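Here's a quick briefing on charged side chains and who they pair up with. Have the model open while you read.

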Amino acid sequence: MILPCRIHLAGNHNRADSLLLRLLFAALLALHPEQTHGQDTTGSTFEQAGLGWLPAVPVQITAGVNAGYDDNVTLSSNPKSSWFASENVVLTYDRPGEQTEFYLLGVGRFTQNFDVTGQNEKSGNVTMALTHNFSTRLSFYASIYAAYQNEPNFQSNVGPENVRANFFDTRDIFSLTYHWSSRVSSVTSYTFERVLYDQSSIGDTQNRIDSTFGEQLVFNLSTRTSLVGEYRYETITYDTAPTDSTTHFLLGGINHNLTEHLIVHLRAGESFRSLENDGDSSLPYFESSLSYVSSNHSLNWLTSYGFESPTAGGATTTKTFRTGLTLNYGLTSRISSVAGVYYHHDDNSGGTGTGSTGTGGSVDLNVGLRYLINKHFTLNLDYNHTTLGSMGSTPGYSRNRYSGGVTYTY
């Protein structure tokens, strides 16, 4: 989960961690609306079940069943449709407000397509986040996301979006924040990503390890505004493909709290990429995030532009504009809505960028409604639309999924 854009937040992690965790969960619910749970979650699950003599453990388990219709199960220009049923289970653990804060989200899902053989889905993902305050000056933050699935990932450049193929993806962030004074702090970070496809015909071009080392220097102009200077060094190593690369980023930016609930992060600068066999190139780099959380709604908007790992055949360099927005809004005390939209555009080329190998892009949209029957049962209706543009001889496709179901929260 991720999330997917290469957004490295700086500044005071302690102040922002609870907000980021809530936004992460809200984004996952917008992406997979069938995983949502009841809104009445005060107190431990043991207390809600009337077992107050048991210790208060912040664990919540949600199970759901959905049924619906998919008009393009095979993700092709000649679509095959099918009715489907899916079962999922979600486990959450959240213990904020401690010296060591820990958050866990685990999701398992199985989808059966009745009218098309060989297209069933078994998937799962785990998201963990930990913050530890060693002192008032030094804190440690870790975020780990791991997933195994066969549906394309439209929030990042994990792999091709026109095939269903089993793959494993993990993206892990570790950082240390040190406050040198009331105004100056530094953030040292390391980001690791591993992409691994079961199918060798895809893995030969996509299996890789991404490693990024970052150093930020933050100057607090006020309690609401911070200036940031940042350097990153990224290495991408492929298992088989001869497209290894190193990239240097020189960035400047700002972190600003527009209000108590609204936070904006901006980074901009230049990136310099060196390909193992095809020379050097440079490209302006930009990323931003806008986050808002209140008592009954939340919004998260991520945008980036820069080099990404190629997912198209024959491409050695990919320049990508990517943006994604998720929204959760409580309409009434019982009815809530979820929405998410993700868009990206790729400009692919070979060598140092002199020979174009085509452009591509996609739009992925999710909308849904929730009705809270009681603290245990919730009804849901969901719609998902995907459009993938063609690129060269590779055709695009359009897909619509309609579903409804019920979840039980214990």
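Contact here means heavy atoms within 4.5 Å. You're looking at a predicted model, where local features need pLDDT of at least 70, side-chain atom pairs count only at pLDDT 80 or more, and totals for chains, interfaces and linings use all residues. Residues are numbered from 1 along each chain as its sequence is written, and side-chain values use heavy atoms, with hydrogens and water left out.

**Salt bridges overall**

- Side chains of opposite charge can pair when their charged atoms come close.
- A salt bridge is counted when a side-chain nitrogen of Lys or Arg sits within 4 Å of a carboxyl oxygen of Asp or Glu.
- By that rule, the structure has 13 salt bridges.

**Glu151 and Arg164**

- Glu151 pairs with Arg164 in a salt bridge, with 3.4 Å between the closest N and O atoms.
- Both residues are in the loop between strand S5 (138–149) and strand S6 (167–179), so the bridge ties together parts 13 residues apart in sequence.
- Strands are DSSP runs (E, at least two residues), numbered from the N terminus.

**Glu193 and Arg171**

- Glu193 makes a salt bridge with Arg171, again with the closest N and O atoms 3.4 Å apart.
- Glu193 belongs to strand S7 (residues 184–197) and Arg171 to strand S6, so this pair ties together parts 22 residues apart in sequence.
- Both Glu193 and Arg171 are buried.

**Arg232 and Glu287**

- In this salt bridge, the side chains of Arg232 and Glu287 come to 2.7 Å, N to O.
- Because Arg232 is in strand S9 (residues 225–238) and Glu287 in strand S12 (residues 279–293), the pair ties together parts 55 residues apart in sequence.
- Arg232 has a relative accessibility of 1%, so it counts as buried.
- Glu287 is buried too, at 2% relative accessible area.

**Around Glu308**

- Glu308 sits in strand S13 (residues 297–308).
- With 10% relative accessibility, Glu308 counts as buried.
- Which residues does Glu308 contact, leaving aside neighbours within four places in sequence? They are Asn157, Arg273, Thr318, Thr320 and Arg322.
- The side chains of Glu308 and Arg322 are joined by a polar contact of 2.8 Å.
- A polar contact is a pair of N or O atoms within 3.5 Å; within protein, one must be able to donate a hydrogen and the other to accept it, and residues adjacent in sequence count only if both atoms are side-chain atoms.

Methods:
Helices (H or I, at least four residues) and strands (E, at least two) are DSSP runs, numbered from the N terminus. Buried means under 20% relative accessible area, exposed over 50%, partly exposed in between (1.4 Å probe, protein chains only).
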